Amino acid sequence: MSQKYISVTYRTKMERRPERDLSRQPDNTAMKQQQLPGHQLHFSAPVVLSIFFATAAFCLCMGIILILSAKSTKEIEINYTKTCANCSEMREDASNFNEECTCSIPFYLQEKMEGNVYMYYKLYGFYQNLYRYILSRSNSQLMDTIILSYNLHTSIYIKVPMLKTELTWWTDKYVKFQNPSSSNLATKFAGTTKPPNWHKPIYELDMDDPGNNGFINDDFIVWMRTAAFPTFKKLYRRLYRIHYFVEGLPAGNYSFNILYNFPVTKFQGEKSVVLSTMTWSGGSGLFLGLAYTVTGALTWLASFAMMAIHLMLKNKKSSFSQ
């Protein structure tokens, strides 16, 4: 009697459940009731080995292609640490922070650099990712003013036209970095002073172009993107392909005129200027190509090892069955 009474009572309670509780139940569909058919994949050894060999072949081919592409770029690096040693010594003296020092570095370009040419500044031994530096990101910009000149004739040098915009990531330019909302930036920075090694205050980085001045200045944004390693290079200018430079940089005599701003010898650093072309895969960096090649080689070795183990187990199994 007790069991029958309990079952009747339970059924009565279920029937009296409010409609609002019933509305919370999931729809009676295969998806929501978890009634979809299931299938478990079972890969055979030949299928697995084929996948591994195909992956290894793809990575090796991609690695070789990327390495050859990087090797096809033309690059020249001019280290001016020792050439501008006098300027570095002068700038190390804090009393000379208002004085300018310019040094000239002549060099010869043996081969023509065709197509788009990019100018980078490169630093050695500077830990930009140091935590204390990141917390005080605006204390040093460390960029020199660099002018490239071409020896057109025996005694005639012309300035190589360079573009100073479109050097940054779109998100940095239009999302991450923003100027104060004011038509006159100087008023917003009233009462502030520029860092000792800056040649200009932040609101005078590009007086000719308001869209490239202040915190949205391309040079400023490029520098503020923290480098991961102590040796790094950052984009400074792009060749403006007009007049004598429509096809790129012709071979010949050139010179860099550098307005030296920040000394690096006090922390045993070095500074260079790099001119480089680019291909469809990027610049002259070999990291991506080497990563693909090493991954492909390791996968290839693992494939042979798995195939050997599979054949050994298969032979052992057949011998036992006999």
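Start by selecting Asp172 in this predicted model, where Asp172 is buried, with a relative accessible area of 4%. Asp172 sits in helix H6 (residues 170-176), while Arg225 belongs to the loop between helix H8 (218-224) and strand E8 (232-239), so that the pair links distant parts of the chain, 53 residues apart. Arg225, at 31% relative accessibility, counts as partly exposed.

Next, select Glu77 and Lys122, whose side chains meet in a salt bridge with an N to O distance of 3.5 Å. Because Glu77 lies in strand E1 (residues 75-79) and Lys122 in strand E4 (residues 117-124), this pair ties together parts that are 45 residues apart in sequence. Lys122 counts as buried at 17% relative accessibility, whereas Glu77 is partly exposed, with a relative accessible area of 32%.

For another salt bridge, go to Asp27 and Lys32, which meet at 3.3 Å, N to O. Here Asp27 is partly exposed at 43%, and Lys32 is partly exposed at 49%. The model has 11 salt bridges by count.

Move on to the cysteines, which form two disulfides. Select Cys84 and Cys103, and look at their sulfur atoms, which are 1.9 Å apart. The torsion about this S-S bond is about 75°, so the disulfide is right-handed. Cys84 lies in the loop between E1 and helix H4 (85-92), and Cys103 in strand E2 (residues 102-109), 19 residues apart; both Cys84 and Cys103 are buried.

Then select Cys87 and Cys101, which are joined by a disulfide with an S to S distance of 1.9 Å, and which give a left-handed link with -70° about the S-S bond. Cys87 lies in helix H4 and Cys101 in the loop between H4 and E2, so the pair ties together parts 14 residues apart in sequence. Numbered in sequence order, the bonded cysteines pair as 1-4, 2-3. Cys59, by contrast, is in no disulfide, and the nearest cysteine sulfur, that of Cys61, is 9.4 Å away.

Finally, select Phe256, which is among the residues that touch the most other members of the largest nonpolar core, a set of 50 residues. Strand E4 gives the most to this core, with six residues.

Terms used:
Residues are numbered from 1 along each chain as its sequence is written. This is a predicted model: local features need pLDDT of at least 70, side-chain atom pairs count only at pLDDT 80 or more; totals for chains, interfaces and linings use all residues. Side-chain values use heavy atoms; hydrogens and water are left out. A salt bridge is a side-chain nitrogen of Lys or Arg within 4 Å of a carboxyl oxygen of Asp or Glu. Buried means under 20% relative accessible area, exposed over 50%, partly exposed in between (1.4 Å probe, protein chains only). Helices (H or I, at least four residues) and strands (E, at least two) are DSSP runs, numbered from the N terminus. A nonpolar core is a set of buried Ala, Val, Leu, Ile, Met, Phe, Trp, Tyr and Cys residues joined through side-chain atoms within 4.5 Å. A disulfide is a pair of cysteine sulfur atoms within 2.5 Å.
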